[in-house]
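Thanks for coming. I will keep this short and go through a few local features, one after another. Please have the structure open while I talk.

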Amino acid sequence: MHPLLKEHFLKALDIYTQGVHYETLLEAKKEYFTITGQANDDDDDFEARMNSFNEWYVLQFISMRGTRTVISDYLINNPVDDFLAKSLSGVNYSLFEYVGKNFRGFDTLYDMLHDKKITLPKGESLPSIIKDDIFVGRVLTYENQNYLMQGLCVIPKDVRGILKKECKKVRKLKNPGEELKFLLKIESFKTKWIRYGHVDATKIFKFS
């Protein structure tokens with residue numbers, strides 16, 4: 001991630017997980033893990049899930065006691081230039097497929113929910129994904145460069161067709177709130193699939 005994005009994200013995370021903000025953190029944890037399923041520290045994807053929570057908490061969560069996200073509040077109290085503020089406030093939370101490198105050697109993602117391709121900067125280290133992996137994650141855009149964040153929820157490839165169909169339905173709604181619910185539901189299905197590993201993923205990833 002771009003050093004400035006990383007610096008302010010981590011600073012916001014540090015400030016808003018302690019002191020007067022600790023109650024808000026607890027509220028967010030309860031909400032997130034109630035929706036997506038509990039995280040156990042012996043799960044293979046525990047670190048990725050905690051990263052996902054941190055990103056959701058800072059960039060997307062709005063407390064019942066407030067009207068702003070953590071990052072919006074942070075930017076009011078810690079002014080940065082407009083381009084950086086816009087980048088930190090404009091996270092693209094979506095369902096992605098890593099399609100590999102394009103002909104110019106750039107790592108490329110297909111944003112399945114918004115039906116567009118996204119290229120990442122050369123030399124940017126990717127989280128642990130391989131070609132054709134499907135995952136729920138977040139991208140920040142700054143200075144015309146796209147940066148994939150660390151909190152990935154990798155989805156079994158067997159359900160790609162199911163998810164592609166559902167993405168079309170959700171995309172037609174043009175409703176960010178519905179997109180958020182859809183993506184968190186996918187994360188909850190992934191947790192369920194891990195807990196019931198013997199069950200075929202297509203039997204778990206059901207949206208109706």
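**Notes on selected sites**

Ala39 sits in the loop between H2 and H3. Before going on, note that this is a predicted model. Met50 is 11 residues from Ala39 in sequence, and the two C-alpha atoms are 8.1 Å apart.

H2 covers residues 22–36, which is 15 residues. From first C-alpha to last, H2 reaches 21 Å, close to the 21 Å expected at 1.5 Å a residue. Which residues of H2 are buried? They are Thr24, Leu25, Glu27, Ala28, Tyr32, Phe33 and Thr36. What do these buried residues pack against? Their partners are helix H3, residues 46–59, and H7. Just after H2 comes Gly37, with a positive phi of about 95 degrees.

Ring pairs join Tyr32 and Phe33 with Phe53, Trp56, Tyr57 and Phe61 in a cluster.

On to the ring pairs as a set. A pair of aromatic rings is described by the distance of the centres and the angle of the planes. The count of aromatic pairs comes to 12. One of them is formed by Phe189 and Phe207, at 5.2 Å centre to centre with 75 degrees between the planes, an edge-to-face arrangement. This pair links distant parts of the chain: Phe189 belongs to helix H7, while Phe207 is in the segment after helix H8 (201–204), 18 residues apart. Phe189 and Phe207 are both buried.

A ring of another kind of interest is Phe106. Lys122 lies over the face of Phe106, 5.1 Å from the ring centre.

Last, back to H7, residues 176–195, and to Glu179 within that helix. Glu179 is buried yet has no salt bridge. Where is the nearest side chain of opposite charge? That is Arg171, 8.1 Å away from Glu179, and a salt bridge would need a nitrogen within 4 Å of a carboxyl oxygen. Apart from neighbours within four places in sequence, Glu179 is in contact with Leu113, His114 and Val170.

That is the end of my list.

Conventions
Residues are numbered from 1 along each chain as its sequence is written. This is a predicted model: local features need pLDDT of at least 70, side-chain atom pairs count only at pLDDT 80 or more; totals for chains, interfaces and linings use all residues. Side-chain values use heavy atoms; hydrogens and water are left out. Helices (H or I, at least four residues) and strands (E, at least two) are DSSP runs, numbered from the N terminus. Buried means under 20% relative accessible area, exposed over 50%, partly exposed in between (1.4 Å probe, protein chains only). Lys and Arg count as positive and Asp and Glu as negative; His and the chain ends are not counted. Contact means heavy atoms within 4.5 Å. The expected span of a helix is 1.5 Å times one less than its number of residues. Rings of Phe, Tyr and Trp (its six-membered ring) pair if their centres lie within 6.5 Å; planes under 30 degrees apart count as stacked, over 60 as edge-to-face and the rest as tilted. A charge sits over a ring if NZ of Lys or CZ of Arg is within 6 Å of the ring centre and within 35 degrees of the ring normal.
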